[in-house]
Amino acid sequence: MYIWRERIYIFLWSKLRNANMLIESGDYKGALLHADSAIRQCSHAGIEDRFALPWSLKADAHYRLREFDKAKVFYETALKIDPDDSVAWSHIGNMLAFESKQEE
């Protein structure tokens, strides 16, 4: 059982690392594929409600594509899991500023 769980986590971290590297290189569509794969893996492992990073990476890719409506949904999902995610809060604030909703 332990070895099976270890393989899942290795695969998951590989997908997350690749998504992050693709975001940094500007390949946001590729990053979305890896983030989606990581989200599916989290669901398969039963940790989708305890691990916010795949949702944050997916939101980051949409944010950089300027797909703010989609990014906001995924940041909010990540914040439900980890309400202390300062990057998610910062990007949500930036999106609200872009939309001239400074009061929110």
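This note comments on helix packing, nonpolar cores and selected residues in a predicted model.

1. Packing of H2 against H3. The axes of H2 and H3 approach within 9 Å and cross at roughly 160 degrees. Angles over 145 degrees count as roughly antiparallel, and H2 and H3 are therefore roughly antiparallel to each other. Their crossing is left-handed.

2. Residues between H2 and H3. On the H2 side, the contact involves Tyr28, Ala31, Leu32, Ala35, Asp36, Ala38, Ile39 and Cys42. These meet Pro54, Trp55, Leu57, Lys58, Ala61, His62 and Arg64 of H3. Sorted by class, the contact of H2 with H3 comprises 11 nonpolar, 1 polar and 3 charged residues.

3. Packing of H3 against H4. Helix H3 spans residues 53–64 and helix H4 residues 68–81; their axes come within 8 Å, with a crossing angle of roughly 160 degrees. This angle makes H3 roughly antiparallel to H4. The crossing in which H3 passes H4 is left-handed. From H3, the contact draws on Trp55, Ser56, Lys58, Ala59, Asp60, His62 and Tyr63. From H4, the residues are Phe68, Lys70, Ala71, Phe74, Tyr75, Thr77, Ala78 and Ile81. By class, the contact of H3 with H4 has 9 nonpolar, 3 polar and 3 charged residues.

4. Residues listed in both contacts.

5. Nonpolar cores. The largest nonpolar core contains 16 residues, and Leu12, Leu16 and Leu57 have the most contacts inside it. Helix H1 (2–25), helix H2 (28–45) and H3 each give two or more residues to this core. With neighbours within four places in sequence left aside, Leu57 is in contact with Leu16, Ala19, Asn20, Ile23 and Ala35. A second, separate core has 15 residues, among them Ala52, Trp55, Ala78 and Met95.

6. Gln41. This residue lies in helix H2. Gln41 counts as buried because its relative accessibility is 14%, and the cut-off for buried is under 20%. Beyond residues up to four places away in sequence, Gln41 touches Ile8, Phe11 and Leu12. Of these, Leu12 is also one of the residues with the most contacts inside the largest nonpolar core.

7. Leu22. Helix H1 contains Leu22. Setting aside its neighbours within four places in sequence, Leu22 is in contact with Asp27, Tyr28, Gly30, Ala31 and His34. The C-alpha atoms of Leu22 and Arg7 are separated by 22 Å, with the two residues 15 residues apart along the chain.

8. Gly46. The loop between H2 and H3 holds Gly46. With a relative accessibility of 36%, Gly46 counts as partly exposed. A separation of 26 Å is found between the C-alpha atoms of Gly46 and Lys29, which are 17 residues apart along the chain.

9. Asp84. The loop between H4 and helix H5 (86–98) is the place of Asp84. Asp84 has a relative accessible area of 68% and is exposed, the cut-off for exposed being over 50%. Asp84 and Arg40 are 44 residues apart along the chain, and their C-alpha atoms are separated by 23 Å.

Key
Residues numbered from 1 in each chain as written. Predicted model: local features only at pLDDT ≥ 70, side-chain atom pairs only at ≥ 80, totals over all residues. Heavy atoms only, no water. Axes fitted to C-alpha atoms, helices over the stretch in contact; angles between N-to-C directions. Helix = DSSP H or I, 4+ residues; strand = E, 2+ residues; numbered from the N terminus. Parallel < 35°, antiparallel > 145°, perpendicular 65-115°, else oblique. Left-handed = near helix turned anticlockwise from the far one by under 90°. Contact = heavy atoms within 4.5 Å. Nonpolar A, V, L, I, M, F, W, Y, C, P; charged D, E, K, R; others polar. Core = buried A, V, L, I, M, F, W, Y, C linked by side-chain atoms within 4.5 Å. Buried < 20%, exposed > 50% of the residue type's maximum accessible area, 1.4 Å probe, protein only.
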